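Hi,

Here is the structure I said I would pass on. Have a look at it first, and then read my notes below.

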Amino acid sequence: MESTEPVDQARAKRQNMVDEAVIKFCVPSSVVGSVIGKGGEYVNECMRQSQTRIHLSKQQEVFPGTNDRICTISATTSDGVQSVLTALHLILTKIRSEDTFGDYGVRLISPSKGCGAVIGKGGNKIKSITEESGCKMKVSEQAAGLRFRLLSITGTVDEQLKAVALCLEILVDSLQDEYASQLRDFHGVGASMAQPGMAPPLGGLRSACREAVVAAQPTQLPGLPQVTATMVTTCVVRVPDEMVGSVIGRGGNVVQNIMKQSGSLVKVSDKQDGDPVRTVTITGAEANVRNAFNLVYAALQ
């Protein structure tokens with residue numbers, strides 16, 4: 001297990017910065033079971049060692065535009081920040097022990113209002129964070145209707161912890177009590193109920209959803225059985241040709257899995273000469289289409 005010593009040396013003063021410390025970050029759904037452990041054994045041990053409270057969102061509660069669950073670590077000890085970092089160290093180490101997550105990088109959830117302070121004028125703050133911690137860092141774009149952004153941090157566990165400590169200091173200094181209060185009120189959205197426009201933009205990709213049939217309330221007609229008209233939604237996602245393989249998968253296994261999980265019909269257009277963009281068309285009930293869109297987005301990451 002890697003040491004937390006670099007964090008201790010870098011920001012010892014942070015230990016008494018706040019009486020209550022809290023962070024939220026994304027955890028891939030596929031490793032949540034490992035983080036919790038059999039009968040909650042691992043997460044309980046993390047809480048015992050770090051003197052923190054750790055909460056993982058329900059299966060249907062994810063960060064908008066992803067399939068990732070949300071992990072909350074909080075502490076009210078006199079050195080709350082250090083307690084939170086200790087718990088994060090244990091969780092990151094556990095996640096990175098999984099075969100497919102050896103280079104896992106934490107995606108810290110931050111109130112959008114505080115991201116400007118993290119970036120700094122002309123990017124000077126974020127540059128300072130990366131230079132001091134040795135990690136790489138990226139701030140997600142602002143999505144319409146969403147009050148939070150992701151701070152993606154990659155590097156060794158020690159480098160990530162150091163960067164999180166630096167970000168936390170800036171966010172608390174910038175937002176004061178508002179930082180913790182905003183995080184407490186955020187629990188993600190339903191995996192198949194993400195609000196339109198809340199998913200982070202797909203870089204240069206463009207998507208447009210158009211409703212084909214307006215939902216109708218069940219109507220009882222004389223002499224006829226009750227009939228319910230169901231909303232059918234079509235979502236068209238434009239994907240660069242060189243990336244579409246991630247959506248299709250070997251032998252079509254990825255797209256087949258997306259259809260199976262979401263209950264939607266997903267069709268990828270054929271390659272056209274001279275056209276660098278392919279279209280992924282998703283059709284089905286509105287909630288299913290939203291779920292499929294999130295799965296397509298995750299496949300492109």
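Helices (H or I, at least four residues) and strands (E, at least two) are DSSP runs, numbered from the N terminus. H5 itself spans residues 112-119, and its buried residues are Ser112, Gly114, Cys115 and Val118. Here buried means under 20% relative accessible area, exposed means over 50%, and partly exposed is in between (1.4 Å probe, protein chains only). Down the axis of H5 these residues fall within an arc of 140°, so they line one face of the helix; the arc is that of the directions from the helix axis to the C-beta atoms. After H5 comes Gly120, with a positive phi near 80°.

Before you go further, a note on the source: this is a predicted model, in which local features need pLDDT of at least 70, side-chain atom pairs count only at pLDDT 80 or more, and totals for chains, interfaces and linings use all residues. Residues are numbered from 1 along each chain as its sequence is written, and side-chain values use heavy atoms, with hydrogens and water left out.

**Overall picture and confidence**

The protein has eleven helices and twelve strands. Of its 301 residues, 47% count as buried. Among contacts (heavy atoms within 4.5 Å) with a separation of 6 or more, 72% are between residues 24 or more positions apart.

Mean pLDDT (the predictor's confidence in each residue, from 0 to 100) is 78, and 78% of the residues reach 70 or more. Two stretches to watch: over residues 9-18 the pLDDT is below 50, with 24 contacts in the model beyond near neighbours in sequence. Over residues 191-231 the pLDDT is also below 50, and that stretch has 76 contacts in the model beyond near neighbours in sequence. Where pLDDT is low, the predicted coordinates should not be read in detail.

**Helix H10**

H10 (residues 253-262) has Val255, Ile258, Met259 and Ser262 as its buried residues. Looking down the axis of H10, they fall within an arc of 95°, so they line one face of the helix. As background, an α-helix has 3.6 residues a turn, so residues three or four places apart point the same way. Helix H9 (244-248), strand E11 (265-268) and helix H11 (286-300) are among the elements that cover the buried residues of H10. Gly263 follows H10 and has a positive phi, near 75°.

**Two helix pairs**

How do H3 and H4 pack, and which residues do it? The axes of helix H3 (residues 41-50) and helix H4 (residues 80-96) come within 8 Å and cross at roughly 150°. Axes are lines fitted to C-alpha atoms, for helices over the stretch in contact, and angles run from 0 to 180 degrees between N-to-C directions. H3 and H4 are therefore roughly antiparallel to each other; angles under 35 degrees count as roughly parallel, over 145 as roughly antiparallel, 65 to 115 as roughly perpendicular and the rest as oblique. The contact is made by Tyr42, Cys46, Gln49 and Ser50 of H3 and by Ser83, Thr86, Ala87, Leu90, Ile91 and Lys94 of H4.

H7 packs against helix H8 (residues 177-184) at an angle of about 105°, with the axes 5 Å apart. That makes H7 roughly perpendicular to H8. On the H7 side, Leu168, Leu171, Val172 and Leu175 make the contact, and on the H8 side Asp177, Glu178 and Tyr179.

Most residues other than glycine have a negative phi, and most peptide bonds are trans. Gln176, in the loop between H7 and H8, has a positive phi near 55°. Gln51 has a positive phi too, near 60°, and sits in the loop between H3 and strand E2 (53-56). Gln51 is exposed, with a relative accessible area of 52%.

Thr279 is in strand E12 (residues 277-285) and counts as partly exposed, at 23% relative accessibility. Not counting residues up to four places away in sequence, Thr279 touches Val236, Val237, Arg238, Lys267, Val268 and Ser269. Val236 is 43 residues from Thr279 along the chain, and their C-alpha atoms are separated by 6.5 Å.

Lys267 lies in strand E11 and counts as exposed, at 60% relative accessibility. Leaving aside neighbours within four places in sequence, Lys267 is in contact with Thr279, Val280 and Thr281.

Cheers
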